[in-house]
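Thank you all for coming; I would like to walk you slowly through one protein chain, beginning with the whole and ending with a few single residues. Please keep the sequence and the structure in view while I talk.

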Amino acid sequence: MADNKTPLQRPASRAARLSAIEEMLVHHIVTSQSQLSSMLSDEGIEVTQATLSRDLEEINATKTRLEDGTVAYVLASNAKAATPKSAQQQMSRILSGLVTSVAAARNLVVVHTPSGAAQYVASVMDRQSLDDVLGTIAGDDTVLIICKDDERAASRASWLLEIASTSQQAGD
């Protein structure tokens, strides 16, 4: 019953369905509603074509011609997707003044921030759609990043520390 492809189990709710659709559009090239419906069905989410149309409209998904000529659904936020380098530069600018320390502990990454900044840092991380990150939990000045395994947590902690340090070094 365990599916190695999708570690998340989703409730049968509208919010969970919208989240699944967004995730599929971010991680796969989806060229039709029937393809998306089939992908959702594989995840145990049954949806009518009319509901799927409304869902795509609600999450601002549009059909766009990709660089290779394929016409596929993309989220409005990804329509003008930043290159990985510019996305990393943008994250660096945001996180450089907010991350005060990073430590890996088993499959967890603990990130300390100034008071009141943890939820913003968690939000920035959540928007990255990182395959090795299952989720984040934020308090007032601490973010807990839950990774798939110990090795990925150590790698993610190093990556985050590097990202947060980049802009500070450039400004020194």
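This is a predicted model: local features need pLDDT of at least 70, side-chain atom pairs count only at pLDDT 80 or more; totals for chains, interfaces and linings use all residues.

How much accessible surface does the protein chain have, and what percentage of it belongs to carbon and sulfur atoms? The accessible surface comes to about 10500 Å², and 49% of it belongs to carbon and sulfur atoms, where the areas come from the Shrake-Rupley method with a 1.4 Å probe and, for residues, only the protein chains shown count as cover.

Residues are numbered from 1 along each chain as its sequence is written, and side-chain values use heavy atoms, with hydrogens and water left out.

The mean pLDDT of the chain, which is the predictor's confidence in each residue on a scale from 0 to 100, is 83, and 83% of the residues reach 70 or more. Over residues 168-172, however, the pLDDT is below 50, and this stretch has 2 contacts in the model beyond near neighbours in sequence, a contact being heavy atoms within 4.5 Å.

Now to the overall layout. Read from the N terminus, the order is α-α-α-β-β-α-α-β-β-α-β-β-α. Of the 172 residues, 31% are buried, where buried means under 20% relative accessible area, exposed means over 50%, and partly exposed lies in between, with a 1.4 Å probe and protein chains only. Among contacts with a separation of 6 or more, 52% are between residues 24 or more positions apart.

Let us turn to a pair of helices. The axes of α1 (residues 14-27) and α2 (residues 33-42) come within 11 Å and cross at roughly 115 degrees, the axes being lines fitted to C-alpha atoms over the stretch in contact, with angles from 0 to 180 degrees between N-to-C directions. On the α1 side the contact is made by A20, I21 and M24, and on the α2 side by L36, M39 and L40.

Also in helix α1 is R17. Is R17 buried or exposed? R17 is buried, because its relative accessible area is 16%, and, leaving aside neighbours within four places in sequence, R17 is in contact with I45, V47, T51 and D55.

E58 belongs to helix α3, residues 49-58, and at 44% relative accessibility E58 is partly exposed.

I will finish with backbone angles. Most residues other than glycine have a negative phi. N60, in the loop between α3 and β1 (61-65), has a positive phi near 60 degrees, and N60 is partly exposed at 47% relative accessible area. R106, in the loop between β3 (101-105) and β4 (108-112), has a positive phi of about 60 degrees although it is not a glycine, and R106 counts as exposed because its relative accessibility is 65%.

Note on methods:
Helices (H or I, at least four residues) and strands (E, at least two) are DSSP runs, numbered from the N terminus.
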